Amino acid sequence: MKQNKVFLWSVVIALGGFLFGFDTAVISGAEQSIQKYWSLNAFEHGLTISIALIGTVIGSLLGAIPCDRLGRKKTLYIIAVLYLISSLGSALSTNWYLFLFFRFAGGLGVGASSVTAPIYISEIAPAERRGRLVALFQFNVVFGILISYLSNYILGQMGENSWRLMLGIQAVPSFIFLALLKLIPESPRWLILKRGKVEEARNILKIINPATANATVTAIQNAAAEERGTIENDPLFSAQHKFPVMLAVLFAVFNQVSGINAIIYYAPRIFEMTGLGTGSSLLSTAGIGLVNFIFTLIAMNYIDRFGRRTLMLIGSFGLIATLGLVTYSFYSGQSGLAVPVYLFIYIAFFAFSQGAVIWVFISEIFPTQIRAKGQTLGSTTHWFMAALIAFSFPYLAEKAGGGNTFLFFTVMMVAQLLFVWKMMPETKGKSLEQIGHTLVLH
């Protein structure tokens with residue numbers, strides 16, 4: 001029963017991940033109609049599509065502020081309201097400037113969610129199930145992307161203003177998320193470290209695991225006592241925290257230089273570059289969403305068994321092989337159906353490794369006192385690199401060609417393999433206090 005409650009709390013928070021994925025991908029089905037509706041030129045159209053991504057970078061950058069000052073739960077309420085306002089406002093906008101404002105607000109919610117939700121789940125989850133429960137967030141991101149593709153397809157049949165329905169339908173899960181947040185408690189670690197409410201935190205920890213609640217309270221207090229004197233005078237960017245900072249930044253960078261967002265955002269363009277027709281390209285894009293979903297689900301079942309590092313090693317080899325085959329296909333000019341097949345396998349390896357591990361790993365490696373700031377660093381790096389890759393890919397593909405572009409992604413994955421092999425620690429089965437203590441002393 002106790003475990004079911006923790007799972008329920010994690011599912012509620014992971015619904016924020018569903019909205020994260022839905023909000024990010026839903027614009028793909030509406031963007032051409034929106035361009036026609038407001039007669040947007042190329043610059044205005046680019047800004048319209050990217051404004052949410054700009055909001056995401058800012059939201060992830062600022063996410064630690066309410067997370068630390070107001071608490072994890074209140075910050076999640078703010079995120080839910082942003083999602084709700086964004087979906088309704090975008091659907092009902094009467095002019096382009098209002099539309100930009102509401103899409104930007106949704107981006108703020110996505111960015112803040114990428115900081116707050118993994119932190120919250122990591123702080124309430126038992127060590128032996130933390131990987132699976134935090135990965136539930138990423139699973140719901142992927143599920144949200146898949147449902148947005150399906151929703152766009154269905155609602156796209158409903159006339160010239162169907163784009164309003166595509167964007168507005170998100171209000172339904174947003175409202176459900178907002179209502180269900182009443183069921184979750186505050187993070188016990190935040191209650192102890194930021195408010196000194198030890199007994200309230202102890203009662204929550206007894207629900208999580210009554211056998212270890214008192215020991216966990218003591219461990220949190222001891223870790224806080226060790227950290228307090230140094231962290232107040234020794235901020236995130238200091239010699240003491242250089243190793244977890246380096247891990248978070250490199251992990252987030254490698255996540256994006258794998259080419260994942262270029263492939264997700266521009267899959268039809270990539271497939272058309274290989275000679276496939278438009279219909280086949282759209283079908284292949286839907287296939288990518290399905291493969292991503294399935295292998296994220298598989299990874300959730302193995303992340304606490306095999307460990308984060310093992311999944312990353314398996315994934316790195318798979319990404320190098322599949323990206324190398326795509327590169328060869330472009331260079332040889334004999335691509336056709338081979339490239340979609342290679343990219344399907346690529347997505348499977350990515351979802352099984354980087355896709356499932358990133359939010360788990362970054363949420364674990366910082367001491368509790370600076371976890372929100374560390375998560376912000378990792379999340380902001382991730383979204384900055386996502387924007388950079390998404391904006392530069394069409395230019396690179398046109399100027400450098402598909403072969404050279406995918407060669408770059410392949411080389412970056414060789415570098416990732418070396419990073420995982422030589423530097424990445426295993427965090428499976430350890431308490432957050434153990435991990436933070438070990439990495440600070442590294």
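## Ile435 and its contacts

Leaving aside residues up to four places away in sequence, Ile435 touches Arg130, Glu364, Ile365, Thr427 and Lys430. The structure described here is a predicted model. Ile435 sits in helix 19. Its relative accessibility is 3%, so Ile435 counts as buried, the cut-off for buried being under 20%.

Ala351 lies 84 residues from Ile435 along the chain, and the C-alpha atoms of the two are 25 Å apart.

## The second largest pocket

Rolling a probe the size of a water molecule over the atoms shows where empty space is left. The second largest pocket holds about 320 Å³ of space. It is lined by 23 residues, and those closest to its centre are Pro126, Ala127, Arg189, Thr212 and Thr216. Two or more lining residues come from each of helix 5 (96-124), helix 10 (198-208), helix 11 (213-231) and helix 19 (432-440).

Helix 11 gives the largest share of this lining, four residues. Sorted by class, the lining of the second largest pocket consists of ten nonpolar, seven polar and six charged residues.

## Helix 12

Helix 12 covers residues 242-257, which is 16 residues. At 1.5 Å a residue it should span 22 Å, and its end C-alpha atoms are 22 Å apart, so the two values agree.

Buried residues in helix 12 include Phe243, Pro244, Val245, Leu247 and Ala248. Phe251, Ala252, Phe254, Asn255, Gln256 and Val257 are also buried in this helix. Just after helix 12 comes Gly259, with a positive phi of about 90°.

How values were computed. Residues are numbered from 1 along each chain as its sequence is written. This is a predicted model: local features need pLDDT of at least 70, side-chain atom pairs count only at pLDDT 80 or more; totals for chains, interfaces and linings use all residues. Side-chain values use heavy atoms; hydrogens and water are left out. On a 1 Å grid over the protein atoms alone, a cavity is a set of points where a 1.4 Å probe fits but cannot get out, and a pocket is an open set with protein on both sides within 12 Å along at least five of seven lines; lining residues have an atom within 4 Å of a point. Grid points are joined across faces, edges and corners, and a volume is the space filled by probe spheres set on the points. Ala, Val, Leu, Ile, Met, Phe, Trp, Tyr, Cys and Pro count as nonpolar, Asp, Glu, Lys and Arg as charged, and the others, Gly among them, as polar. Buried means under 20% relative accessible area, exposed over 50%, partly exposed in between (1.4 Å probe, protein chains only). Contact means heavy atoms within 4.5 Å. The expected span of a helix is 1.5 Å times one less than its number of residues.
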